[in-house]
There are 2 protein chains.
Amino acid sequence: MAMNISEKINLTETTPEDRSPEDRSMAIRESLRNAIIDRRLAPGTKLSESEVGSLFDVSRTVARAALQMLAFEGLVKTERNRGAFVSNPSPEEARQIFASRRLIEPGIVAAAVERITPEDIAEFRRQLGEEERYMNERGPAARRAEIKASGDFHLMLASVAGNVILQRFMDELVARSSLVIALYGRSGVSSCGHSEHTAVLDALEKGDGERAAKLMIHHIDHIEADLDLQVKQGLGLKDALSLA
Amino acid sequence: MAMNISEKINLTETTPEDRSPEDRSMAIRESLRNAIIDRRLAPGTKLSESEVGSLFDVSRTVARAALQMLAFEGLVKTERNRGAFVSNPSPEEARQIFASRRLIEPGIVAAAVERITPEDIAEFRRQLGEEERYMNERGPAARRAEIKASGDFHLMLASVAGNVILQRFMDELVARSSLVIALYGRSGVSSCGHSEHTAVLDALEKGDGERAAKLMIHHIDHIEADLDLQVKQGLGLKDALSLA
DNA sequence: TTTGGGCAAATCGTATGCAATCTTAGCGTT
DNA sequence: AACGCTAAGATTGCATACGATTTGCCCAAA
């Protein structure tokens, strides 16, 4: 099980202007975060400080800071004297994540309908085009990109809503949702997801916040309905298995 | 301005069973957190790594970890190569905090009404008694305790709701609200706040979630209405001033 | 008196070393 | 052959050391 994680992580994904000379731990966090939500790093994967450190050419101190941040947002779990692991959310956690989204996202939609500009709409259409493109491709890479793009739709919405606190909450919820889908997802989430995104956007464009919010709730319901949250209930064996 | 912060922090407030032999940074975070939401540490106060470290008899490493956590939940702001400071939320941030609460807390109430037990109710009544007691006392200490108790009501509600993710969001929102009230509060928040808490609890006891949620929204509106979010708008000077 | 430059103190950012803890492999016993 | 025990290896927790950056002071020059 001494599989190296190096090939799973894209070390040069920082964009030029993102290249602020500061906070390398932030960049590492971002890189690991992307790897996790892209499902290149599976739940349960161990992220040792020294390994992460040497991968990014920093000391354990910096790597540790990045892992702490990820632990704070629930993407990794740290066990004392054992290390950090990509989170393995339980079905109960999954339910709570979606319950939270059902609560927050309609509010975000309601805020977004007040502030969205034609430029935003155009940007959304571009994004939805991306989504569709990946949807029609085959292969695991396209599948990952599709899931990422699907999440980005929700994050763009939060950004348009203009509440940075809710935006941060959504960052966390979308990232953790991605983990949950990786673990419990049954089918391609997006065949339904994509059309629902366009429906929400259409309602927003017409200024119909009520309808957009309703559509968003249904959308979240559909995502959660595609999950299989029953099986792993009683065992706990699976936990140990994926942690090993 | 070289005032020592040591007298502002209660170093021995960890309860015996909280004395897990691990994660001292967590204990430090908790201690600082309480000091901030109790307003013993004013917004803008500098929290240097070495000072915090020596106060709690740990190295800068663990002090730094505690400050990072606080920065993550928005209670302190760190500036590169300058240090960490107790956050100084802007009026805009304040509005976003309360907007978020208006969105989340009705949902928490709705979840709580389904799960609340008679034991919970009794516990709430005890808590409200505390609140009233502090309300009738005079002096800054009682005032602080009153604000703390008022926030605890909301946190207990989140706990009863049974969604740990929302609970964590509320932890953050209530803590930051305390900062906002410290900065922009006009009067005693609680003379109205207390009775509103009891009203919410009464509705919950009767199982009337609709009414409880409405009452909660009004309650949040009242808290925000008590703030003076206008004055500091145009300047930006004040910001620099309070950071110095 | 005021302004500008430069030096010194303080603080942060990061690397590294040591002790403590956990895991695992090997060995002996039943 | 299975089980338990011990010791070595690996990994984290934490402290400390050193370089980098910023701040504030002081003094000189206009």
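This is a predicted model: local features need pLDDT of at least 70, side-chain atom pairs count only at pLDDT 80 or more; totals for chains, interfaces and linings use all residues.

Mentor: A:Val76 stands opposite A:Val86 in E3(A). Strands (E, at least two residues) and helices (H or I, at least four) are DSSP runs, numbered from the N terminus. Residues are numbered from 1 along each chain as its sequence is written, with chains lettered from A and ligands numbered from 1 in the order in which they are written.

A:Lys77 faces A:Phe85 of E3(A). Strand E2 (residues 76-79) and strand E3 (residues 83-86) of chain A pair in the antiparallel sense, over four bridges. Two strands count as paired if DSSP finds at least two bridges between them. Three residues sit between E2(A) and E3(A), and A:Asn81 in this hairpin has a positive phi near 60°.

Now the whole sheet. In chain A, three strands make an open, antiparallel sheet in the order E1-E3-E2. Strand E1 (46-47) and E2 of chain A are the edges; each has a single partner strand, so one side of each has no neighbour in the sheet. In a regular strand, side chains alternate between the two faces of the sheet.

Chain B has an open sheet of three strands too, in the order E1-E3-E2 with antiparallel pairing. Strand E1 (46-47) and strand E2 (76-79) of chain B stand at its edges with a single partner strand each, so each has one side left without a neighbour in the sheet. E1(B) pairs with strand E3 (residues 83-86) of chain B over two bridges, in the antiparallel sense. There, B:Lys46 has B:Phe85 as its bridge partner in E3(B).

Of the atoms of DNA strand C that come within 4 Å of the protein, 76% belong to sugar and phosphate.

A polar side-chain atom of A:Thr61 is 2.9 Å from a base nitrogen of DNA strand C. For B:Arg60, an N or O atom of the side chain lies 3.0 Å from a base nitrogen of DNA strand C. B:Arg64 has a polar side-chain atom 2.4 Å from a phosphate oxygen of DNA strand C. The elements giving two or more residues to this surface are H3 of chain A, plus helix H2 (49-55) and H3 of chain B. H3(A) supplies the largest share, three residues. By class, the surface near DNA strand C has two nonpolar, seven polar and nine charged residues. Nonpolar covers Ala, Val, Leu, Ile, Met, Phe, Trp, Tyr, Cys and Pro; Asp, Glu, Lys and Arg are charged; the others, Gly among them, are polar.

Turn to the other DNA strand. Around DNA strand D there are 18 residues, and A:Arg60, A:Arg64, B:Arg24, B:Ser59 and B:Thr61 come nearest. Sugar and phosphate make up 74% of its atoms within 4 Å of the protein. The side chain of A:Arg60 has an N or O atom 3.1 Å from a base nitrogen of DNA strand D. In the side chain of B:Thr61, an N or O atom is 2.9 Å from a base nitrogen of DNA strand D. H3(B) gives the most to the surface near DNA strand D, with three residues.

Last, the protein interface. In contact (heavy atoms within 4.5 Å) are 28 residues of chain A and 28 residues of chain B. The rule finds two salt bridges across this interface, each a Lys or Arg side-chain nitrogen within 4 Å of a carboxyl oxygen of Asp or Glu. One joins A:Glu172 and B:Arg168, with the closest N and O atoms 2.2 Å apart. On the chain A side, helix H3 (60-72), helix H4 (91-115) and helix H7 (164-184) each give two or more residues. H4(A) gives the most, nine residues. This side of chain A divides into 14 nonpolar, six polar and eight charged residues.

Methods:
Side-chain values use heavy atoms; hydrogens and water are left out. A residue is near a molecule or strand if one of its heavy atoms lies within 4 Å of it. A polar contact is a pair of N or O atoms within 3.5 Å; within protein, one must be able to donate a hydrogen and the other to accept it, and residues adjacent in sequence count only if both atoms are side-chain atoms.
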